[in-house]
Amino acid sequence: MSHVKIKRYDRQVPIMLHSTTSSATTLRVDDVAGGVVVFGTMNTNSATLQMWGSNSEAGSFGRLYGADGSAADITLAPSSTQGRIYALPDAVFALPWLKVVSGATNSTGTSGTVVLKT
C-alpha cells in the first residue's frame, strides 16, 4: 500500500463568464502552480476564453500572449450536453492576478469554477 508523500491542495473559485474585463471575476494566482476551468453543460457560440492578467488587483489588466506572440486563449469545444474541463495556459502563472473573459457576448452569464492547485 502506498502512502501520499506530497499533498497538494486546491482552491475552487466560482466564476461567471462576461465579455468585459470590468465584469469578470478577479482571481489571485500568485500562490498556485496550475489550474483548470470547469463548466457543466454549456450552450455557447463563444469560440474562446481570453486570459487577462495584471501585476496588481486594482491595476490595468492586459490580454496575455505566449512567447510566440499568439494569444494565450483557451479554445472551447462546441456546445455540448457534457461538462468540459479546460487547462489554464502556462502564461497565466507569470502574473499574480487573472481574469477569464469570454470571447463573445452570448456566453455572458455562463457559470463555472476555476480550480487552482498549490
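This is a predicted model: local features need pLDDT of at least 70, side-chain atom pairs count only at pLDDT 80 or more; totals for chains, interfaces and linings use all residues.
Good morning. I begin with Arg11, which is partly exposed, with a relative accessible area of 27%.

The side chain of Arg11 forms a salt bridge with that of Asp31, at 3.1 Å from N to O. Arg11 belongs to strand β1, residues 10-16, while Asp31 sits in the loop between β2 (26-28) and β3 (34-39), so this pair ties together parts that are 20 residues apart in sequence. Asp31 is itself partly exposed, its relative accessible area being 38%.

How many salt bridges are there in total? The count comes to three, and I turn now to the other pairs.

Arg28 and Asp30 meet through their side chains in a salt bridge of 2.7 Å, N to O. Arg28 is partly exposed at 42% relative accessible area, and Asp30 is partly exposed at 44%.

Next, Asp73 and Arg63 are joined by a salt bridge between their side chains, with an N to O distance of 2.5 Å. Asp73 lies in the loop between β5 and β6, and Arg63 in strand β5, so the bridge ties together parts that are 10 residues apart in sequence. Asp73 has a relative accessibility of 22% and counts as partly exposed; Arg63, with a relative accessible area of 27%, is also partly exposed.

Finally, I come to Gly66. Where does Gly66 lie? Its place is in the loop between β5 (62-63) and β6 (74-75). Gly66 counts as partly exposed, at 27% relative accessibility. Between Gly66 and Val92 there are 9.5 Å in space, C-alpha to C-alpha, although the two are 26 residues apart in sequence.

Thank you.

Conventions. Residues are numbered from 1 along each chain as its sequence is written. Side-chain values use heavy atoms; hydrogens and water are left out. Helices (H or I, at least four residues) and strands (E, at least two) are DSSP runs, numbered from the N terminus. Buried means under 20% relative accessible area, exposed over 50%, partly exposed in between (1.4 Å probe, protein chains only). A salt bridge is a side-chain nitrogen of Lys or Arg within 4 Å of a carboxyl oxygen of Asp or Glu.
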